[in-house]
Amino acid sequence: MIEARGLTKRYGGTTAVDSLSFDVQPGKITGFLGPNGAGKTTTMRLILGLDQPSDGTVTVNGKPFAQLAYPMREVGALLDARAVHGGRSAYNHLLCLAQTNNLPKRRVGEVLELVGLKEVAKKRSKGFSLGMGQRLGIAGALLGDPAILMFDEPVNGLDPEGILWIRNLMKALAAEGRTVFVSSHLMSEMENTADHLIVIGRGKLIADCTVVEFIDRNSRQAVRVRTPQADALAKVIAMAGGTTRDDGDGLMMVSGLAAERVGDLAFENAVRLHELAPAQASLEQAFMELTASSVEFRAGVPDDQDQQVFTGSGI
């Protein structure tokens, strides 16, 4: 279990992590989300003792990371898969980690097979693809068979098969009662993987709840409707205080009214419906709505004059 209480990290006049308090519970996958610059990587470094907090505390199984007797047996982490000596083979890289942490040599072969690198175990890691490097980093995290696992962007560089593999691996680890803490920018992957979410923005905690609760709380109610009488229904909905968006071919999205209310209005006004269903918001939509004010870097949409630069007509 990971426990943070008032965790704060300042770099000069910049506060990267601002009074964060949260728990990462065993037996579930906890997704750690936030825009770029929100403080996610800094928080993970504080948990692992790679940085020292300016204020507050963070413990792993009740102790600061530096006080753990056998760190790799308790916590496995992947923060930067590129942090590997390129001249070493995958096997020798893991063997060095095992020897310096008093782990049995047999674990090297076991984790190489688990992550699918057995066939390239003797090859130098500098020749590995990005996806292979990620697998090697995950192997290092698993080496001590720890009860707590932390992954920062674990699917980076993986192909679809690899993404499915790491998703199933994390679910299996959580099912064994382990604590799994994973940071990612891939909202669709977090929606398919995480049980619980911790969301931060500009270093502050802005959500700590299940995925379902997060979507329900931070997305607008919408109803999907298909009708051959779209104009008539739009007028009725507007009079009832709702809003509509015409998606063409008789399909519209209704906001501000429940599906039952839309159905009643259609019945009362003799509007024929071919489809009526609540529109389930995605995690990405809910995340964008909640964190809109916490985004540090924004890209502008080019206007017509700017477009000339991209098309070459302005050169």
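**Close-up views of a predicted model**

**View 1. Helices α3 and α5 side by side.** The axes of helix α3 (residues 90–100) and helix α5 (residues 130–142) come within 10 Å and cross at roughly 25°. That angle makes α3 roughly parallel to α5 (angles under 35 degrees count as roughly parallel, over 145 as roughly antiparallel, 65 to 115 as roughly perpendicular and the rest as oblique). Axes here are lines fitted to C-alpha atoms, for helices over the stretch in contact, with angles running from 0 to 180 degrees between N-to-C directions. Helices (H or I, at least four residues) and strands (E, at least two) are DSSP runs, numbered from the N terminus. This is a predicted model, in which local features need pLDDT of at least 70 and side-chain atom pairs count only at pLDDT 80 or more, while totals for chains, interfaces and linings use all residues. Residues are numbered from 1 along each chain as its sequence is written, and side-chain values use heavy atoms, with hydrogens and water left out.

**View 2. Where α3 and α5 meet.** On the α3 side look for A90, H93, L94 and L97, which meet L136, A139 and G140 in α5 (contact means heavy atoms within 4.5 Å). The residues of this contact of α3 with α5 divide into five nonpolar, two polar and no charged.

**View 3. Helix α5 next to α6.** Here the axes of α5 and α6 come within 12 Å, crossing at roughly 10°, which makes α5 roughly parallel to α6. From α5, R135, I138 and L142 meet E161, G162, W165, I166, L169 and L173 in α6. Sorted by type, the residues of the contact of α5 with α6 are six nonpolar, one polar and two charged.

**View 4. The largest nonpolar core.** Which members of the 49-residue core touch the most other members? They are I138, F151 and F214. Helix α6 (residues 160–175) gives the largest share of this core, six residues. A nonpolar core is a set of buried Ala, Val, Leu, Ile, Met, Phe, Trp, Tyr and Cys residues joined through side-chain atoms within 4.5 Å. Leaving out residues up to four places away in sequence, F214 touches L197, V199, A207, C209, L283, A286, F287 and L290.

View 5. S19, in strand β2 (residues 14–24), has phi near 55°. S19 is partly exposed, with a relative accessible area of 47% (buried means under 20%, exposed over 50%, partly exposed in between, with a 1.4 Å probe and protein chains only). E153 has phi near 50° and sits in the loop between β6 (148–152) and α6.

Methods:
Nonpolar A, V, L, I, M, F, W, Y, C, P; charged D, E, K, R; others polar.
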